[in-house]
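Hi,

Here is the structure I said I would pass on.

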Amino acid sequence: MSGPARQSVSGAAVMAAFLRRDLREALTYKFSFVSSVTGILLSSATFYFVAKLVPAGTPSLGPFGGDYFSFAVVGVAFAGLLGMFQEGLAAVVRSAQLSGTLEALLVTPVPVPVILFGSSLYSLLFQVVRTALHLGVALAFFGLALGRVNAAGVLAVGVLTVLCFLSVGVLSASFILVYKTGNPFSWIMGTASGLLGGVVFPIALLPPWIRWISSLLPVTYALDGMRKSLLASASFADVLPDVAALAAFDALLLPASLVAFRLALRKAKKDGTLAHY
Amino acid sequence: MSAPSVLVAEGLVKRYPVFRGFRDLILHPLERRTVTALDGLDLEVGRGRVFCLLGPNGAGKTTLIKVLATLVLPDGGRASVAGHDVALEPGPARNAVGYAVSDERSFYWRLSGRQNLEFFGALYGLGGPARGRRIDELLRLAGLEEAADLRFNGYSTGMRQMLAFARALLADAAILLVDEPTRSLDPQAADRVRAFLRGELAGRQGKTILWATHDLGEAADCADDIAVISRGRIRLRSPAASLAAGGRASLRQAYEQAVGESEEKP
């Protein structure tokens with residue numbers, strides 16, 4: 001039998017293979033896309049009617065264009081996206097542990113970080129599409145009030161936010177590699193962000209004694225910068241404080257997450273629990 | 001002259017931490033309890049040999065294979081694959097072996113056999129028409145041509161095992177690690193797997209195979225060399241021909257003696 005024409009493992013080919021695998025699997029679940037779109041429509045409709053209870057010109061909404069529906073839709077759409085970035089990597093590790101595919105992946109020549117990112121790529125891209133759809137539906141059917149969009153602000157806040165939440169995702173994945181469940185990053189960043197990060201109401205409404213916690217959460221700056229850039233016709237200078245805060249989070253979390261992942265992988269290999277669940 | 005060794009373990013030690021409950025952790029927070037899986041194990045497997053590793057449950061067979069596959073880091077000693085230290089050069093070591101992960105959960109159940117191989121083939125650096133040709137070749141070799149486009153969840157246990165071999169062969173590594181490949185197979189399927197490993201992979205393709213099994217007859221029929229592992233050490237090692245010369249009964253006697261002695265003198 002002839003041997004294969006084995007090439008060096010190209011990152012792009014590996015990413016394409018992961019995407020193809022996940023797309024093929026997703027296509028075997030015929031109703032998942034339909035239920036996802038239905039969920040977006042129902043969520044938008046719910047906030048559309050809730051917004052009728054909030055008078056236009058409410059002071060706390062002033063910095064974000066003044067319209068509650070637009071404020072909430074942008075918050076919910078982007079919080080979903082950020083949630084996927086912070087949970088996605090841990091979710092794929094957990095899923096591979098539970099399904100039993102982790103060992104088979106780890107004996108291939110592909111570096112572990114590439115496996116991790118590749119495994120979550122489809123979910124991340126799908127969530128990007130879902131977010132765009134969410135905003136599109138809100139714009140087309142419910143009157144999402146976009147301002148003069150600050151593309152540079154959206155881009156800067158978006159890139160820094162993705163790096164920040166991917167770092168949190170790597171920290172979560174590191175925890176799951178070693179401890180399997182009970183991921184504290186998910187609780188801190190997910191649950192706390194929902195309440196304190198200004199997803200569906202401005203943090204200005206929070207009592208001052210708790211509001212300071214919001215300033216420790218990256219989601220606060222991500223949503224603030226994104227809303228100002230999309231809804232309030234803010235200039236780049238207006239979102240600079242958010243950009244600076246997100247850059248500081250990145251500078252801290254990115255190296256910390258890479259070190260944590262290396263240590264976690266070593267510990268799991270040392271304890272022989274890499275594929276345990 | 002004997003074949004050069006491509007799998008080597010020298011004084012290999014592996015201890016796993018013992019799972020402890022909350023009460024134990026609170027009462028003895030600094031205590032570290034371990035169970036020894038490999039206890040200074042020495043082993044050499046020559047190129048092109050079929051090396052069967054016999055031993056009772058918990059003897060250390062799977063741990064040894066996982067160390068050689070770079071999935072578990074040793075605590076002491078060293079192990080190398082094709083000259084690459086598994087702890088210091090895990091990448092090249094991994095490239096040198098095909099690990100036939102027998103766990104049927106290691107596949108994507110909603111994809112077909114071919115789609116599974118396409119995915120893993122890409123991870124092994126196979127691309128374009130070469131990947132398709134290689135997969136067709138392996139599916140034919142594994143007797144899965146007709147089932148290639150069926151979903152994996154429709155495969156029998158024997159077919160799943162053969163697909164695991166096909167996956168391990170994607171990169172055409174010269175060394176194969178197989179862990180109890182005939183476990184849970186019916187006698188005919190087990191015979192097909194043995195014939196495939198011994199006849200095709202070792203006989204025709206000249207691959208080196210480290211083969212963990214509980215089945216003494218399987219070892220006698222298929223191996224060039226046999227070792228008995230118990231309590232983390234090799235207790236007996238011999239060419240299969242001399243061990244099996246006295247028939248199955250003498251092999252069984254040698255096995256039981258090696259395991260029994262290790263239990264008396266751990």
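Predicted model: local features only at pLDDT ≥ 70, side-chain atom pairs only at ≥ 80, totals over all residues.

Residues are numbered from 1 along each chain as its sequence is written, while chains are lettered from A and ligands numbered from 1 in the order in which they are written.

As for terms, helices (H or I, at least four residues) and strands (E, at least two) are DSSP runs numbered from the N terminus, and two strands pair if DSSP finds at least two bridges between them.

Back to β3(B): with strand β9 (residues 225-230) of chain B it pairs in the parallel sense over 4 bridges. B:Leu54 sits opposite B:Thr213 in β8(B), and B:Cys52 is opposite B:Ile226 in β9(B).

How enclosed is strand β3 (residues 50-54) of chain B? 5 of its 5 residues are buried, so the rest of the structure largely encloses it. (Buried means 20 or more other C-beta atoms within 10 Å of the residue's own; exposed means 12 or fewer, partly exposed is in between, and C-beta atoms are placed from the backbone.) Side chains in a regular strand alternate between the two faces of the sheet. Here B:Val50, B:Cys52 and B:Leu54 point one way, with B:Phe51 and B:Leu53 pointing the other way.

B:Cys52 also turns up among the residues with the most contacts inside the largest nonpolar core, which has 170 residues. (Such a core is a set of buried Ala, Val, Leu, Ile, Met, Phe, Trp, Tyr and Cys residues joined through C-beta atoms within 7 Å.) Helix α3 (residues 68-99) of chain A gives the most to this core, with 20 residues. Leaving out residues up to four places away in sequence, B:Cys52 touches B:Trp211, B:Thr213, B:Ala219, B:Cys222, B:Ala223 and B:Ile226. (Contact means C-beta atoms, placed from the backbone, within 7 Å.)

Zooming out, chain B has 10 helices and 10 strands, and buried residues make up 49% of its 266 residues.

Finally, the interface: 30 residues of chain A are in contact with 34 residues of chain B. On the chain A side, α1(A) gives the most, with 6 residues.

Cheers

Conventions:
Contact = placed C-beta atoms within 7 Å.
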